[in-house]
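Here's a quick tour of a model and the places where its parts meet. Have the sequence and the 3D view open as you read.

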Amino acid sequence: MRDLFGVVILFSIYSFMTAALFMDLDAVDVAFTEAAVGAGVTTVLMLSCLRLTGRWERRPKHSPLLPLIVVATTGTALVYGTLDAPLLGDPNAPAHQHVAPRYIEQGPIEVGMPNMVTAVLASYRGYDTFGETVVIFTAGIAVLLLLGIQEGPHTRPGRTAIGDQIVLRVVVKLLIPLILLYGLYVQFHGDFGAGGGFQAGVIFATGFILYDLVFGEGDARLVVPPDWLPRLGALGVLIYGGVGLYSLFAGKPFLDYSALAHDPVHGQHLGVMLVEIGVGITVFSIILAIFYALAGRARRA
Amino acid sequence: MSLLLDMLSAACLLAGSFLCITGGIGLIRMPDFFARVHAAGVTETLATPLLLFGLMLQMDWSLDLLKVVMIMIFVLATNPTATHATAKAALHGGLKPLVSEDDPNDTGEPSSKP
Amino acid sequence: MNELPGLYNDWVAIFLMMAGFYVVISQGNLVKKLVGLALFQTSVFILYISLGKVAGGHAPIYDPAIAIYSNPLPHVLILTAIVVGVATTAVGLALVVRIHEAYGSVEEDDIQAADEAESTASSSEASAEEDAKQ
């Protein structure tokens with residue numbers, strides 16, 4: 001396939017199919033994230049990259065034989081390796097033996113929230129999630145260092161790349177408040193159902209990306225100035241780390257939320273909520289910053 | 001009552017699935033881009049609400065029902081808009097609709113496939 | 001799902017992984033390579049999530065009526081990995097954009113040819129300078 005536009009759209013469809021597969025494998029939170037990130041944000045980012053680098057690919061000169069042999073050999077070795085692996089759905093597989101039973105049995109009691117994924121994410125494995133948040137922040141800073149958020153005639157308010165599309169404007173005006181409301185719902189309902197800071201941040205960012213696409217970059221930058229975004233990202237990481245430091249100063253281990261209130265379960269609730277807010281702010285601002293950086297860049301010959 | 005609901009729901013689901021399949025066939029078999037957008041957009045806009053309505057008839061009165069109603073409203077708002085935007089983008093990109101002004105003996109060969 | 005136990009989940013993941021791997025090593029276009037890398041990434045996600053599946057289990061959201069849940073731990077790992085994945089893909093895209101600005105192309109062959117031309121030009125310049133000195 002020489003048309004990279006088609007490649008990106010096919011990848012988006014593939015992502016959606018993967019989300020459906022995750023749903024079937026009981027991973028509702030993951031399906032949610034994949035649908036929002038893989039099918040939504042990744043597609044938009046790749047398309048804005050294609051706008052800068054050109055849509056058509058040249059036919060490669062190399063013969064595909066050598067890569068095919070390498071791939072076939074590796075694949076065969078991997079398939080041979082799976083022959084000893086536990087079967088799909090086997091409840092006695094090693095993956096279900098170590099810490100998972102404790103998370104499943106004690107999670108709702110110790111952390112006090114029905115959604116075990118959120119409990120494990122923010123409380124039991126809070127260190128990991130803190131690390132991931134910092135990685136996202138670092139990636140955002142790397143993109144900003146590489147590209148920067150450019151200003152130019154195309155980012156003045158009132159200018160759009162697609163012209164004045166009345167139908168899109170009306171529908172998007174109706175949809176954006178709903179999207180933002182839904183983002184807030186996902187953010188604060190993550191304790192009880194599928195959702196949490198990661199998904200909410202992405203949904204919030206897609207709301208603003210939609211606004212940017214339809215109303216033009218200038219208008220979007222009036223709503224969320226680009227200068228704010230790195231600071232907001234840092235603020236999110238700070239909230240997360242601050243909760244950890246608070247519990248450290250209160251005489252408990254880092255990120256032990258039971259220090260936040262007299263009742264441990266109540267403290268867990270508060271801690272998870274604060275941490276998820278921090279994650280949400282970081283994810284939102286970094287994804288929007290990456291989008292501004294890629295979409296706002298002027299094309300060079 | 002429940003038998004009636006089941007039958008109604010089955011009819012909705014069947015009609016929705018049928019429209020989905022015709023939409024898919026149209027997407028592949030139609031001669032030019034705008035006809036394909038028509039096939040995909042028009043049938044999907046009716047098929048998805050039909051499928052969702054069929055599912056709603058199977059549910060109790062609960063929060064889930066409300067969520068499905070909201071999904072339906074969302075689909076009804078976004079689907080035609082997306083189709084409209086795609087068609088308008090194609091027109092803006094310089095793709096001309098296929099107009100039949102040739103001889104009626106044309107055997108329906110895909111003359112101007114985009 | 002319950003009637004089909006087996007290893008096919010691993011094989012699906014391996015197939016996708018190898019498809020992504022093939023795109024990464026055989027294609028010359030950098031954007032396409034990134035799509036291949038994303039495909040590779042998704043195959044790992046599928047592998048992990050299928051490891052967390054328990055036959056007859058439900059989504060890990062506590063409900064007094066449900067006794068068997070799927071393993072929430074892989075879900076947590078992959079949930080964060082997806083968002084980290086988009087951030088790292090964005091870094092890759094930013095690099096591709098900078099490469100395009102520097103070389104005017106995102107094809108590997110062009111970039112290599114430009115690099116070689118530049119290095120031969122600079123070495124010939126250096127030799128010319130040495131000749132001038134002598």
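Residues are numbered from 1 along each chain as its sequence is written, chains are lettered from A and ligands numbered from 1 in the order in which they are written, and side-chain values use heavy atoms, with hydrogens and water left out.

**Inside chain A**

- Chain A is split into domain 1 (1–84) and domain 2 (116–301), with bounds that come from an automatic or database domain assignment.
- Taken over C-alpha atoms, the centres of domain 1 of chain A and domain 2 of chain A sit 25 Å apart.
- Contact (heavy atoms within 4.5 Å) links 13 residues of domain 1 of chain A to 19 residues of domain 2 of chain A.
- Together these two domains of chain A bury about 1400 Å², with 74% of that on carbon and sulfur atoms; buried area is the accessible area (1.4 Å probe) that two parts lose on being put together, summed over both.
- A:Asp29, A:Phe32 and A:Arg51 supply 40% of what domain 1 of chain A buries against domain 2 of chain A, more than any other three residues.
- On the side of domain 1 of chain A that touches domain 2 of chain A, you'll find nine nonpolar, two polar and two charged residues.

**Where chain A meets chain B**

- Six residues of chain A are in contact with eight of chain B.
- About 610 Å² is buried between chain A and chain B, and carbon and sulfur atoms give 75% of it.
- The side of chain A that touches chain B has five nonpolar residues, one polar and no charged.
- Between chain A and chain B, the salt bridge count is zero.

- Chain B has a mean pLDDT of 81, and 87% of its residues reach 70 or more; pLDDT is the predictor's confidence in each residue, from 0 to 100.
- Residues 106–114 of chain B fall below 50 in pLDDT, and this stretch has 11 contacts in the model beyond near neighbours in sequence.
- Where pLDDT is low, the predicted coordinates should not be read in detail.

How values were computed: This is a predicted model: local features need pLDDT of at least 70, side-chain atom pairs count only at pLDDT 80 or more; totals for chains, interfaces and linings use all residues. Ala, Val, Leu, Ile, Met, Phe, Trp, Tyr, Cys and Pro count as nonpolar, Asp, Glu, Lys and Arg as charged, and the others, Gly among them, as polar. A salt bridge is a side-chain nitrogen of Lys or Arg within 4 Å of a carboxyl oxygen of Asp or Glu.
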